[in-house]
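User: Could you take me through this model, starting with how the helices sit together?

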Amino acid sequence: MGLGTVLGSNVFNGLFITGVAATITPIKVPITSAAPAIIVGLGALALCFPPRSGRIGRWRGGLLVALYAVYLTAILERG
């Protein structure tokens with residue numbers, strides 16, 4: 001529960017600060033820099049959408065962890 005609170009807070013603060021900064025001064029981001037985050041975000045969103053049972057199973061949890069590992073690899077290779 002605490003981890004979800006911390007992660008949710010970080011996501012909100014990151015989006016809020018980026019939104020405020022972009023409102024003050026436009027931010028130019030090349031699509032090649034944003035593409036990995038967009039792809040992983042859409043994949044994570046699709047995996048987090050619960051099925052009719054309302055329960056996210058272990059295999060989806062495993063896929064989410066694997067997706068996170070792919071995301072970290074893509075980000076670290078660029079940096």
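Analyst: In this predicted model, helices H2 and H3 are roughly antiparallel to each other (an angle over 145 degrees counts as such; helices are DSSP runs of H or I, at least four residues, numbered from the N terminus). Their axes, lines fitted to C-alpha atoms over the stretch in contact, with angles from 0 to 180 degrees between N-to-C directions, lie 10 Å apart at about 175°.

User: Which residues of H2 and H3 make the contact?

Analyst: Taking contact as heavy atoms within 4.5 Å, H2 contributes residues including Pro36, Val40, Ala44 and Leu47, while Arg60, Leu64, Leu67 and Arg78 are among those from H3. The contact divides into 12 nonpolar, 2 polar and 2 charged residues, where Ala, Val, Leu, Ile, Met, Phe, Trp, Tyr, Cys and Pro count as nonpolar, Asp, Glu, Lys and Arg as charged, and the others, Gly among them, as polar.

User: Switching topic, where is confidence lowest and where highest?

Analyst: Mean pLDDT, the predictor's confidence in each residue from 0 to 100, is lowest in helix H1 (residues 2–24), at 77, and highest in H3 (residues 58–78), at 84. The chain averages 81, with 89% of the residues scoring at least 70.

Definitions and conventions:
Residues numbered from 1 in each chain as written. Predicted model: local features only at pLDDT ≥ 70, side-chain atom pairs only at ≥ 80, totals over all residues. Heavy atoms only, no water. Helix = DSSP H or I, 4+ residues; strand = E, 2+ residues; numbered from the N terminus. Parallel < 35°, antiparallel > 145°, perpendicular 65-115°, else oblique.
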